[in-house]
Amino acid sequence: MGLVAYLKTQFVLQLLLGFVFVVSGLLINFIQLLTCVLWPIDKQLYRRINTRLSYSLWSQLVMLLEWWSGTQCTLYTDQATVDKFGKEHVIIILNHNYEIDFLCGWTICERYGVLGSSKVLAKHELLKVPLIGWTWYFLEIVFCKRKWEEDRETVFRGLERLRDYPEFMWFLLYCEGTRFTEKKHQISMEVAESKGLPKLKYHLLPRTKGFTTALKCLKGTVSAVYDVTLNFKDHQVPTLLGIINGKKYMADMRIRRFPVEEIPEDEKECANWLHKLYQEKDALQEHYHKEGIFPGPTITPPRRLWTLLNFLFWAALLLSPLINFACGVVVSGSPLLILGFSLFLIVASIAIRRLIGVTEVKKTGSNYGDEGAKKQN
């Protein structure tokens with residue numbers, strides 16, 4: 001292990017990274033709160049400002065992926081599709097198998113200039129998560145409880161509100177509804193069998209309500225649906241903790257573009273189209289497991305300096321006073337100050353670990369497979 005790789009695994013450096021992210025995030029959330037006064041005066045100005053504020057926070061996580069761990073993302077798609085990236089409103093369908101699948105999606109958003117305006121249909125519990133949920137709230141993210149009877153009006157209102165969004169928007173949907181696990185897959189395939197649907201090997205049965213509703217509400221705004229199928233070289237199982245430890249992963253993403261005109265408007269036919277799409281995604285994953293690559297040409301978009309420069313700005317702003325304060329505490333020799341600062345570090349490390357825990361597969365429980373969940377399709 002080289003010196004740089006060794007240093008990346010050290011808790012003190014990781015704690016400093018977490019400190020910059022958390023404190024800058026709280027400052028950004030505070031500024032976002034202040035921008036609320038703009039909403040009744042100039043809604044589009046409010047949105048443009050919050051798009052850039054969210055970019056300043058999310059790009060720190062992208063920096064960890066691109067610059068800290070050196071993870072590489074290769075796109076399997078054609079140049080004609082890439083030429084449209086960042087130039088149209090789209091719905092993204094991404095498989096939900098890995099802890100860092102959202103980060104891989106964000107790094108592509110960043111490289112094509114839509115990170116700050118990226119959207120997601122998020123579970124309601126995330127609204128209570130500091131930084132993540134709070135930032136999403138100011139970005140008009142649509143939160144749902146996964147119970148269609150309760151979510152119907154909320155989802156419709158939230159999506160309708162985004163129709164006039166001023167920045168090009170990539171709206172991410174995890175149509176499987178929850179992250180893939182073997183237990184959930186077994187339950188999902190039992191549901192597929194009961195509905196007479198073909199079984200999937202690498203995906204859960206997609207929940208169609210969110211997709212058909214999003215397509216209907218954003219009609220006239222969204223130009224296309226991008227299907228993204230993600231996998232990693234050499235059967236890697238990436239984790240956010242691995243990224244923080246500086247571990248490098250090799251991500252491959254097969255991207256296909258479907259103009260909305262090619263997708264049926266009828267809800268039942270649209271749902272059937274989505275099921276067929278997931279059968280094709282399953283075939284792509286089977287090909288990858290056998291060949292180690294996806295079919296088609298490859299493009300590797302270069303990483304940009306903006307994520308690194310943004311992090312260095314926040315690090316210079318926040319770490320200097322922290323280090324000066326820490327030195328002052330040590331020099332003072334005061335047991336009370338040293339104890340207080342030590343408690344602060346412990347609380348900070350616990351808070352950062354809890355944020356990491358939000359992404360962990362083993363902690364992403366859901367009611368997938370219960371009767372209420374089954375009725376959502």
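Predicted model: local features only at pLDDT ≥ 70, side-chain atom pairs only at ≥ 80, totals over all residues.
Start at K290, which is exposed because its relative accessible area is 63%, and the cut-off for exposed is over 50%. K290 sits in helix 11. From here, look across to W148.

Now step back to the whole chain. The protein chain holds 14 helices and eight strands. Its C-alpha trace spans about 70 × 55 × 45 Å along the principal axes. How does the radius of gyration of the 377 residues agree with that of a compact globule? A compact globule of this length would have a radius near 21 Å, and the protein chain has 22 Å, so the two agree.

Of the 377 residues, 53% are buried. The accessible surface comes to about 18,000 Å². Carbon and sulfur atoms account for 63% of that surface. The chain has 46 positive and 37 negative charges, and their mean positions are 4 Å apart.

Contacts tell how the chain folds back on itself.

T9 lies in the loop between helix 1 (3-8) and helix 2 (11-35). With a relative accessible area of 29%, T9 is partly exposed. In sequence, T9 and G242 are 233 residues apart. In space, their C-alpha atoms are 9.3 Å apart. Setting aside residues up to four places away in sequence, T9 touches Q14 and N245.

The next stop is I293. I293 is in the loop between helix 11 and strand 8 (298-299). Its relative accessible area is 38%, so I293 counts as partly exposed. I293 and D252 are 41 residues apart in sequence, but 7.7 Å apart from C-alpha to C-alpha. Beyond its neighbours within four places in sequence, I293 is in contact with Y76, K233, H287 and Y288.

Now turn to helix 9, residues 208-217. How many of its ten residues are buried? Seven are, and the helix is mostly covered. The buried residues are T208, F211, T212, T213, A214, L215 and C217. What covers them? The cover includes strand 2 (90-94), helix 7 (148-161), strand 5 (170-173), strand 6 and helix 11. An α-helix has 3.6 residues a turn, so residues three or four places apart point the same way.

E140 has a phi near 65°. That is a positive value in a residue other than glycine. E140 lies in the loop between helix 6 (132-138) and strand 4 (142-144). Is E140 buried or exposed? E140 counts as buried because its relative accessibility is 7%, and the cut-off for buried is under 20%.

D234 also has a positive phi, near 55°, and it too is a residue other than glycine. D234 sits in the loop between strand 6 (224-232) and helix 10 (240-244). Its relative accessible area is 72%, so D234 is exposed.

Finally, bring in the database record. An unreviewed UniProt entry carries the domain annotation "Phospholipid/glycerol acyltransferase" for residues 90-212. In the model, that span is 41% helix and 14% strand. Its end C-alpha atoms lie 14 Å apart.

The unreviewed UniProt entry also places the feature "transmembrane region" at residues 12-39, 311-331 and 337-356. Which secondary structure do residues 12-39 hold? The span is 86% helix and 0% strand, and its end C-alpha atoms lie 41 Å apart. Residues 311-331 are 100% helix and 0% strand. The end C-alpha atoms of residues 311-331 lie 29 Å apart.

Notes. Residues numbered from 1 in each chain as written. Heavy atoms only, no water. UniProt positions renumbered as here; feature names shortened; annotations may be inferred. Helix = DSSP H or I, 4+ residues; strand = E, 2+ residues; numbered from the N terminus. Rg over C-alpha atoms; globule rule 2.2 N^0.38 Å. Buried < 20%, exposed > 50% of the residue type's maximum accessible area, 1.4 Å probe, protein only. Areas by Shrake-Rupley, 256 points an atom, 1.4 Å probe, with all protein chains shown as cover. Lys, Arg positive; Asp, Glu negative; His and termini not counted. Charge placed at Lys NZ, Arg CZ, Asp CG, Glu CD. Contact = heavy atoms within 4.5 Å.
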